[in-house]
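Subject: A structure for you to look at

Hello,

Here is the structure I promised to pass on. Please open it first, and then read my notes below.

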Amino acid sequence: LLGVARRADPHPWRDRLRDPAVRRDRAALERLAADADPADTPPTALSVLAQLMRRARLDEVPVLWAARAAHPKDFELAFALGLAYGERDQHARQVGPYEAARAIRPDNFAVLTNLGNALRRSGNPGAAVEAHRAALRLRPDLVMAHGNLGVSLRVKGDPGGAEAALRQALRLAPEDTSALT
């Protein structure tokens, strides 16, 4: 498939990205990131580079940040940047990328759930509650969203609401206690 992609879309930088040897070589991935021109590179290719860097335990945030600046309307890049900040426990920094992703796809429950968690962890449990409720309007059966809502309500200082949300999570999936952690 990589060979077909090279023939269908020949480009020196993207051909390097498609090279299996580069994909397994940390130094080659670092050079590829340094040589990337986000304005001239499709968002999907930049997203693939970021994924490869993450797998190689390299910092993909600079690539994603530059990619977001060049492609501000790309959902995947915004979402990936939010995830990357979360992996580094930089929850306040997650909020902006997740807000951007929500602006692009307002009906994406995963964005709303992650945004709610980022808001709670960055000290805004009231906004977190609203994000979790928005996710639940889209997917009322989402056990994790009920659990996240419960945690955010507890942090906000609403123990009764927290208990109700957690009980709903248990009603939906009595065997799944992950929503209670």
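Helices here are DSSP runs (H or I, at least four residues; strands are E, at least two), numbered from the N terminus.

Before going further, please note that this is a predicted model, in which local features need pLDDT of at least 70 and side-chain atom pairs count only at pLDDT 80 or more, while totals for chains, interfaces and linings use all residues. Residues are numbered from 1 along each chain as its sequence is written, and side-chain values use heavy atoms, leaving out hydrogens and water.

H10 covers residues 125-138 and packs with helix H11 (residues 143-156) at an angle of about 160°, their axes being 9 Å apart. Axes are lines fitted to C-alpha atoms, for helices over the stretch in contact, and angles run from 0 to 180 degrees between N-to-C directions. H10 is therefore roughly antiparallel to H11 (the term is used for angles over 145 degrees). The contact (heavy atoms within 4.5 Å) involves residues of H10 including Pro125, Val129, His132 and Leu136, and residues of H11 including Ala145, Leu149, Ser152 and Lys156. By type, the residues of this contact are eight nonpolar, five polar and two charged. Nonpolar means Ala, Val, Leu, Ile, Met, Phe, Trp, Tyr, Cys and Pro; charged means Asp, Glu, Lys and Arg; the others, Gly among them, are polar.

Which residues of H10 are buried? They are Pro125, Ala128, Val129, Ala131, His132, Ala134, Ala135 and Leu136, where buried means under 20% relative accessible area (1.4 Å probe, protein chains only). These buried residues pack against H11 and helix H9 (109-121).

**Leucine 64**

Leucine 64 sits in helix H6 (residues 61-70) and is buried, its relative accessible area being 0%. Leaving aside residues up to four places away in sequence, leucine 64 touches Ala50, Leu77, Ala80, Leu81 and Ala84.

**The whole chain**

The chain has 12 helices and zero strands. Its C-alpha trace spans about 60 × 30 × 25 Å along the principal axes. Of the 181 residues, 45% are buried.

Enjoy exploring!

Key
Parallel < 35°, antiparallel > 145°, perpendicular 65-115°, else oblique. Buried < 20%, exposed > 50% of the residue type's maximum accessible area, 1.4 Å probe, protein only.
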